[in-house]
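Let's take a walk through a protein together. Have the sequence and the 3D view at hand, and follow along.

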Amino acid sequence: MLVLEQLQAAGLASSAPLAGTALAFLAAAILRGFTGFGFALVAVPFSSLALPPSRSVPVVFILQLMIGAIDTMRHHRNLDRRFITIAAFAVITTPLGVYLLSIAQPSMARIAIATIVLAGATMMWRPFRLPMQPSQKLAACTGISVGLCNGMAAMPGPPAIAYSMLTHMPADKARSSLMILFFTTALAGVPSTLAFGIADSITLLLAMAALPIIMLGSALGAMLFRRYGTKIYREAALFTLIGTALAMMIREIWPLISPS
């Protein structure tokens, strides 16, 4: 009864928001298992269609902690040292992003999230590289962007992925570094959501309930990757991200432009 009362107080007692959130996390986990990245990029926009961003973002933080701990143990030896600078600045600026989330209107937060996703997908669609090794200053600016995106949307991926594509680091080192960075940003995000009063007992309850769904989705994604290889994974991921972002933008902008 206590759990039901908590869900009712949070506006989650009906089946529609819970089912929508479960489907969002399942789709995000399948994508992550299929591509190796993109969990938050899909989980936050999809779940924000059913929940306020101030509810979905801290849940994604906790889920990234759960799945990121395993990734960090597996890949820490392959970390690119430049990502230490990115992680340091991201940790510093994440609280500012969480503060912006705590005061933002849900519609404006959704539009900001959709813009972040579109920017990241564009970077990934037509990647290019710098003609020289990037400086520490660029890594610091990337870290600031990562922290703001992380705090406001639990999506540190777009600027970090763009940075990895602009550099000449090997693909396996970039992939390992991104996984560890995402775990670090989740570590920074959870205390910030608690400090600004966004995370609560419902957050932990939803994250624990979603964990089996994520494990199932990750297994399904890995199975699909083994079957279809690398032929379509990149295109599938990008189409998913762009479609999600456009759906969020249409949802929020359409009432403003449609005749009353």
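Here is a short tour, from the whole chain down to a few single residues.

## The overall picture

First, keep in mind that this is a predicted model.

Of the 260 residues in the protein, buried ones make up 48%. Now look at contacts between residues at least 6 apart in sequence: 86% of them join residues at least 24 apart.

## The nonpolar core

The largest nonpolar core holds 58 residues. Which residues have the most contacts inside it? They are Phe25, Phe39, Val60, Leu63, Phe83 and Met155.

Skip its neighbours within four places in sequence, and you'll find Val60 in contact with Phe25, Phe39, Ala40, Ala43, Val44 and Ala154.

## Two helices side by side

Next up are helix H5, residues 82-103, and helix H8, residues 157-166. For H5 and H8, the angle is about 160 degrees and the axes are 12 Å apart. Because an angle over 145 degrees counts as roughly antiparallel, H5 is roughly antiparallel to H8. The crossing of H5 past H8 is right-handed.

Who meets whom here? On the H5 side you have Arg82, Phe83 and Ile86, and they meet Ala160, Tyr163 and Ser164 in H8. Sorted by type, the residues of this contact come out as four nonpolar, one polar and one charged. Phe83 is also one of the residues with the most contacts inside the largest nonpolar core.

## Val146, tucked into H7

Val146 sits in helix H7, which covers residues 136-153. Is it buried or exposed? Val146 is buried, because its relative accessible area is 0%, and the cut-off for buried is under 20%.

Leaving out residues up to four places away in sequence, Val146 touches Ile86, Ala90, Pro156, Pro159, Ala160 and Thr185. Val146 and Thr94 are 52 residues apart along the chain, yet their C-alpha atoms are separated by 7.9 Å.

## Thr203, a buried threonine

Last stop: Thr203, in helix H10, residues 201-228. Thr203 counts as buried because its relative accessibility is 0%. Apart from neighbours within four places in sequence, Thr203 is in contact with Arg55, Pro58, Val59, Ile62 and Ile198.

Note on methods
Residues are numbered from 1 along each chain as its sequence is written. This is a predicted model: local features need pLDDT of at least 70, side-chain atom pairs count only at pLDDT 80 or more; totals for chains, interfaces and linings use all residues. Side-chain values use heavy atoms; hydrogens and water are left out. A nonpolar core is a set of buried Ala, Val, Leu, Ile, Met, Phe, Trp, Tyr and Cys residues joined through side-chain atoms within 4.5 Å. Buried means under 20% relative accessible area, exposed over 50%, partly exposed in between (1.4 Å probe, protein chains only). Contact means heavy atoms within 4.5 Å. Axes are lines fitted to C-alpha atoms, for helices over the stretch in contact, and angles run from 0 to 180 degrees between N-to-C directions. Helices (H or I, at least four residues) and strands (E, at least two) are DSSP runs, numbered from the N terminus. Angles under 35 degrees count as roughly parallel, over 145 as roughly antiparallel, 65 to 115 as roughly perpendicular and the rest as oblique. A crossing is left-handed if the near helix is turned anticlockwise from the far one by less than a right angle, and right-handed if clockwise. Ala, Val, Leu, Ile, Met, Phe, Trp, Tyr, Cys and Pro count as nonpolar, Asp, Glu, Lys and Arg as charged, and the others, Gly among them, as polar.
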